[in-house]
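Here is a short report for a first look at this structure. Keep the view open as you read and find each residue in turn.

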Amino acid sequence: MLAIFAGVLLLAPGVAAQQSTSPSANLALTPPMGWNSWNKFACNVSEDMIKGMADAVVKSGMKDAGYQYVNIDDCWQVNRDAGGNIVADPQRFPHGMKAVGDYIHSLGLKFGVYSDAGSQTRGKRPGGLGHEYQDAIQYAAWGVDYLKYDWCNTTTQDAKASYANIRAALDSAGRPIVLSICEWGTAKPWLWGKEVGGNLWRTTGDIEDRWGGQKKWPDGTCCSEGLLSILDQQIGLASYAGPGHWNDPDMLEVGNGGMTDAEYRTHFSLWALLAAPLIAGNDLRDMRPEIHDILTNKEVIAVDQDALGREGERVWKNGDAEVWAKQLKDGSRAVILLNRSAAEQTISANWEDLGYPSTIGASVRDLWLHKDLGKFTGRFSVPVASHGVVMVTVKPQ
Ligand code: GAL
């Protein structure tokens with residue numbers, strides 16, 4: 001008896017250790033939400049700006065709406081010291097990175113940084129290649145909660161092996177850290193991102209703050225992506241997303257000035273339906289009320305954060321009219337009627353395209369008007385403004 005009893009006691013910790021293989025095992029069970037410096041500030045990052053932005057996440061109500069991570073993108077780092085340790089820009093971050101992380105944590109938020117799997121970042125700062133384990137220990141000591149890992153200057157490196165390596169390094173440092181794979185979709189990270197412990201992976205090149213398609217970069221290489229171009233590249237990827245591992249159609253441009261408010265509502269609605277990470281990229285210290293209301297629309301955010309963790313898909317298309325749908329935990333569907341054209345048009349969502357028999361009645365709620373629209377049978381039809389969406393939930397009664 002005693003021996004069995006002792007055996008159980010001895011076994012129990014071993015079993016537990018086997019089950020929790022990674023300290024990051026339960027991260028990002030819903031798509032990460034936060035803010036990142038790149039889309040608005042590019043290399044112009046500093047301690048003061050980041051602290052101000054963290055304050056604004058709280059004051060604007062974004063923290064209450066679910067935004068958590070405050071992420072510094074490229075250009076915080078300048079070189080490595082004689083011991084190979086990564087060095088933050090002493091002018092821009094005079095109190096060092098731990099002080100920034102401590103401040104962000106003091107507000108109840110989480111701290112993210114950026115590095116690169118290759119020898120240099122896009123901004124020609126030191127990358128992580130060969131320093132993965134050393135950097136992971138440093139990040140853990142700074143209190144980093146989220147690492148975006150880019151794919152510049154990787155020459156002949158294998159993407160899957162490189163991201164597996166940084167995940168192993170982060171785990172060995174013992175701190176749970178979200179791993180954001182920023183490989184631009186080149187090596188189809190949706191096929192291996194989950195296996196290597198990535199929590200999200202970019203599916204395309206970089207977003208630019210515009211409605212349309214791809215544009216060559218100034219150096220002639222291909223391409224920056226407009227909203228529609230990114231959207232079209234999400235087709236067929238939905239089955240790869242789920243709790244802990246998400247397709248990332250890149251960060252939000254909402255509020256950066258290149259699109260109309262209607263287009264920004266479309267951008268935010270579609271990202272929520274795609275169960276995309278919602279990483280704002282505008283100046284939160286200075287937002288128009290319209291932009292604030294888009295970013296903090298709790299009914300739309302609830303679609304993104306739905307615990308079932310399904311990514312939505314396009315279920316119907318006719319020319320410039322599309323219907324997108326996402327299954328929700330309670331059996332209802334979030335539905336977007338999208339008008340890509342230059343003129344208003346009426347669009348219908350047919351129940352059969354949503355996975356419901358056409359004979360049933362369902363209640364429809366508008367997530368932008370915050371209004372119940374009534375009970376409909378078979379289909380819901382509505383005029384949709386140019387470049388706009390109507391976003392609803394459809395719930396069988
Ligand atoms: C790109 C990346 C962007 C941004 C930029 C920083 O490679 O896709 O999201 O991080 O580098 O230099």
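Twelve names make up the shell of the ligand: Trp38, Asp73, Asp74, Tyr114, Arg122, Lys148, Asp150, Cys152, Cys182, Trp184, Arg202 and Asp206. The model is predicted, so local features need pLDDT of at least 70, side-chain atom pairs count only at pLDDT 80 or more, and totals for chains, interfaces and linings use all residues. Residues are numbered from 1 along each chain as its sequence is written, and side-chain values use heavy atoms, with hydrogens and water left out.

What is the make-up of this shell by residue class? It holds 5 nonpolar residues, no polar ones and 7 charged ones. Here Ala, Val, Leu, Ile, Met, Phe, Trp, Tyr, Cys and Pro count as nonpolar; Asp, Glu, Lys and Arg count as charged; the others, Gly among them, count as polar.

Polar contacts come next. Such a contact is a pair of N or O atoms within 3.5 Å; within protein, one must be able to donate a hydrogen and the other to accept it, and residues adjacent in sequence count only if both atoms are side-chain atoms.

| Side chain | Distance to a ligand oxygen atom |
|---|---|
| Asp73 | 2.7 Å |
| Lys148 | 2.8 Å |
| Asp150 | 2.6 Å |

On its own, the ligand has 310 Å² of accessible area, and the protein covers 100% of it. These areas come from the Shrake-Rupley method with a 1.4 Å probe; for residues, only the protein chains shown count as cover.

Now look at Gln77. It lies in strand S3, residues 77-80. Strands (E, at least two residues) and helices (H or I, at least four) are DSSP runs, numbered from the N terminus. Is Gln77 buried or exposed? Gln77 counts as buried because its relative accessibility is 1%. Buried means under 20% relative accessible area, exposed over 50%, and partly exposed in between (1.4 Å probe, protein chains only). A polar atom of the Gln77 side chain lies 3.1 Å from the backbone nitrogen of Cys75. A polar atom of that side chain also lies 3.5 Å from the backbone oxygen of Tyr114. Tyr114 is one of the residues around the ligand.

The loop between helix H1 (2-19) and strand S1 (33-36) contains Ala28. Ala28 is not a glycine, yet its phi is positive, near 55°. With 12% relative accessibility, Ala28 counts as buried. Leu29 lies in the loop between H1 and S1 too. Leu29 is partly exposed, at a relative accessible area of 44%.

Lys188 sits in the loop between strand S7 (178-181) and strand S8 (200-202). Its phi is positive, about 50°, although Lys188 is not a glycine. Lys188 has a relative accessible area of 45%, so it is partly exposed.

Which bond joins Cys222 and Cys223? It is a cis peptide bond, with omega about -15°. Cys223 belongs to the loop between strand S9 (214-215) and strand S10 (224-225).

Ser348 counts as buried, at 17% relative accessibility. Its side chain makes a polar contact of 2.6 Å with the side chain of Ser381.

Note on methods: Near = heavy atom within 4 Å.
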